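I opened a new page in my notebook for this model. Here is what I looked up, entry by entry.

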Amino acid sequence: MASILIVDDSFACRNATAALLRAEGHRVNSADNAWRGLTILESMPIDLVILDLQLPGMNGFGFLKDVGNGKHRSVPVIVASAVDETPELRRICGPQVKRWMVKGIYSGEELLEAVNEVMGMGATVGAAA
């Protein structure tokens, strides 16, 4: 399965997402801010990042800019944030963002489907949150 990094300042969101992904067999690391997320990304192989955009200090846009300018620009990102997608925000985020999910709207099953789709594992999932 995939090695997934969750970058989200919400303890509840990080833990719920991590539990859901671990139940599917993924290896999960998490960070409560962009700087810690970048440190983890530099220290181990990561296959996918699930990123909140509204983070303290450096926000998710700054994280994406750093990732896009570095050696990890090929790591796909799923944005999971309360921020609605717009064409302008999608352009700012760059090509590494493969899916955009709005918190409070998507289900655990939809997140798993997005992970499977982005990771090329198909869309079939066995668990729902």
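**Surface and ground rules**

I began with the surface: the protein exposes about 6400 Å², of which carbon and sulfur atoms supply 53% (Shrake-Rupley method, 1.4 Å probe; for residues, only the protein chains shown count as cover). I keep in mind that this is a predicted model, where local features need pLDDT of at least 70 and side-chain atom pairs count only at pLDDT 80 or more, while totals for chains, interfaces and linings use all residues. Residues are numbered from 1 along each chain as its sequence is written, and side-chain values use heavy atoms, with hydrogens and water left out.

**Fold**

Next I looked up the elements and found five helices and five strands (DSSP runs numbered from the N terminus: helices are H or I, at least four residues, and strands are E, at least two). From the N terminus on, I read β-α-β-α-β-α-β-α-β-α. The radius of gyration is 13 Å, close to the 14 Å of the globule rule for 129 residues, so the protein is as compact as a globular protein of that length (taken over C-alpha atoms; the rule is 2.2 Å times the number of residues to the power 0.38). I also noted that 47% of the 129 residues count as buried (under 20% relative accessible area; exposed is over 50%, partly exposed in between, with a 1.4 Å probe and protein chains only).

**Leu 55**

Where does Leu 55 sit? I found Leu 55 in the loop between β3 (48-51) and α3 (60-68). Leu 55 is buried, at 8% relative accessible area. Leaving out residues up to four places away in sequence, I list Val 7, Asp 8, Asp 9, Asp 32, Ala 34 and Gly 60 as touching Leu 55 (contact means heavy atoms within 4.5 Å).

**Salt bridges**

I then turned to the seven salt bridges (a side-chain nitrogen of Lys or Arg within 4 Å of a carboxyl oxygen of Asp or Glu). One of them joins Asp 52 to Lys 103, with the closest N and O atoms 3.3 Å apart. Asp 52 lies in the loop between β3 and α3 and Lys 103 in the loop between β5 (97-102) and α5 (108-118), so this pair ties together parts 51 residues apart in sequence. Asp 52 is buried at 4%, whereas Lys 103 is partly exposed at 22%. I see that a network of salt bridges links Asp 8, Asp 52 and Lys 103.

Arg 91 and Glu 88 also pair, at 2.7 Å from N to O. Both lie in helix α4 (residues 87-93), three residues apart, about one turn of the helix.
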